[in-house]
Amino acid sequence: QVTPLFAQIGPLCQNSTPPDLPATSQNGITGTWNPATISTAVAGTFTFNFTPDAGQCATGTSMDITIDDQVAPLFAQIGPLCQNSTPPDLPATSQNGITGTWNPATINTAVAGTFTYNFTPDAGQCATETSMDITIDLQVTPLFAQIGPLCQNSTPPGLPATSQNGITGTWNPPAISTAVAGTFTFNFTPDAGQCATGTSIDITIDLQVTPLFAQIGPLCQNSTPPDLPATSQNGITGTWNPPAISTAVAGTFTFNFTPDAGQCATGTSIDITIDLQVTPLFAQIGPLCQNSTPPDLPATSQNGITGTWNPPAINTAVAGPFTFTFTPDDGQCGTTTTMIIVIDEKVTPLFDPIGPLCLNAVAPVLPSTSLNGITGTWNPATIGTNTPGTFTFTFTPDAGLCANETSMQIVISDELIVTITHTDPTTPGGNDGTATATVTGGTPPYTYLWDDPLAQTTATATGLAAGTYTVTVTDANGCQGTATV
């Protein structure tokens, strides 16, 4: 029996395009495979079994095909590098043997910052692209915790050989001497090969140290006070008199600190103020007009107290006085306070009626202030009496007044036209003539006055002798017309 022979396939890269499994062996045996095709979707080693076609004197065989994970090229991190230093070359082969090219192709240290360099594997390798971020550092200034002030003739600490940010170097002078009081400069020179500049620190040798404390307070009356610190900010231990803070009484109180023996320090004191609770102060808001746009309620009082309001906003939809309560935020020495804000109804300006006016009469001036004290302007601005009719004058309140527009109708009366019909006396020298006045225009009722010596007050005058007579007619608005016969 013949064993089919096949050239080994693979290993193949995961997700690469696989070759077809051969239908005929190298020694001429035909058959089928199980599985029938190669899949590179999953990494691992997979067995493919070959079964010869019937009628051939051959045995079955199998092939193990390995699907490799795509390899991520591995590189030792480069940098950080110092600005303007000579950079190393980018490696053409990764630590796990992947060759390829970089973009950018070389490292540039001219500009400080972090820059990304992308590595693309050469074709034919089961590898992924990768990248490296390389940092170009500005020259570092070594950082040191301040030393001192130290007491004269005390044992000084050693100058640190390494800065807080990892720079090693040497000092000049190389050690601290406390033999003489004063301020002395110590210069630090970084060791070669570090991206660092020289620096210096000034160390003060004090005759005696004054203990330093962060100011406490002011505190609120009846609040829980902090403990008085047993050690000053510059390391002096000691005791206080009084030994604790009491907030029971408002006022400013002095607390004296006495350093423990054996320290280069003088006594000191701090004044702590216990404040009365502060009442938040606000500028009064309003009164506001109903339906006007209200201002925001201030989140901070005039004396610096922050807090919240209830209700949280002003509503001008309804007229009336409304109470707004301000509650200070926690941690402030403030009390709750209130503000009453009045929402006023809009006032309608009131005016005495004008007219009716007679045609061509001298018109009065439109009032610039209403009977209830609203100032404003009219449109039209003046009354014209040269045309009869009913005219509307609109009053607009001045800005800032809580008032509505209003209007007034003024009547300009028609002209009174008087005509006379008459009958003459029937006999010469007689006095049985009549005269009748007829009126058009104006506003009834009318009153009549015939001229002296008659002084009759009816539309018809009787008992007239030959002569000339004039009647004056006055209408309900006081407008007059005359006619003569």
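**Aromatic pairs, buried threonines and an open sheet**

Reply: F6, W33 and F50 form one aromatic cluster. This is a predicted model, in which local features need pLDDT of at least 70 and side-chain atom pairs count only at pLDDT 80 or more, while totals for chains, interfaces and linings use all residues. Residues are numbered from 1 along each chain as its sequence is written, and side-chain values use heavy atoms, with hydrogens and water left out.

Me: How is a pair of aromatic rings described?

Reply: The distance of the centres and the angle of the planes describe such a pair. Rings of Phe, Tyr and Trp (its six-membered ring) pair if their centres lie within 6.5 Å; planes under 30 degrees apart count as stacked, over 60 as edge-to-face and the rest as tilted. The count by this rule is 18 aromatic pairs. For F75 and F119, the ring centres are 4.8 Å apart and the planes stand at 65°, so the pair is edge-to-face. F75 lies in the loop between β4 (61-68) and β5 (81-82), and F119 in strand β7 (residues 113-121), so this pair ties together parts that are 44 residues apart in sequence. Strands (E, at least two residues) are DSSP runs, numbered from the N terminus.

Me: Are F75 and F119 buried or exposed?

Reply: Buried means under 20% relative accessible area, exposed over 50%, and partly exposed in between (1.4 Å probe, protein chains only). Both F75 and F119 are buried.

Me: Where is T109 placed, and which residues does T109 touch?

Reply: T109 is in the loop between β6 (100-103) and β7, and counts as buried at 6% relative accessibility. Contact means heavy atoms within 4.5 Å. Leaving out residues up to four places away in sequence, T109 touches L81, C82, Q83, N84, S85, P87 and I136. A polar atom of the T109 side chain lies 2.6 Å from the backbone oxygen of S85.

Me: In which strand is T337 found?

Reply: T337 belongs to strand β20 (residues 337-344). T337 is buried, with a relative accessible area of 16%.

Me: What is the order of the strands in the open sheet of three strands?

Reply: Two strands pair if DSSP finds at least two bridges between them. The order here is β21-β22-β23, with antiparallel pairing. β21 (376-379) and β23 (406-412) stand at the edges with a single partner strand each, so one side of each is left without a neighbour in the sheet. Strand β22 (residues 389-397) pairs with β23 over seven bridges in the antiparallel sense. F395 has T406 in β23 as its bridge partner.

Key: Helices (H or I, at least four residues) and strands (E, at least two) are DSSP runs, numbered from the N terminus. A polar contact is a pair of N or O atoms within 3.5 Å; within protein, one must be able to donate a hydrogen and the other to accept it, and residues adjacent in sequence count only if both atoms are side-chain atoms.
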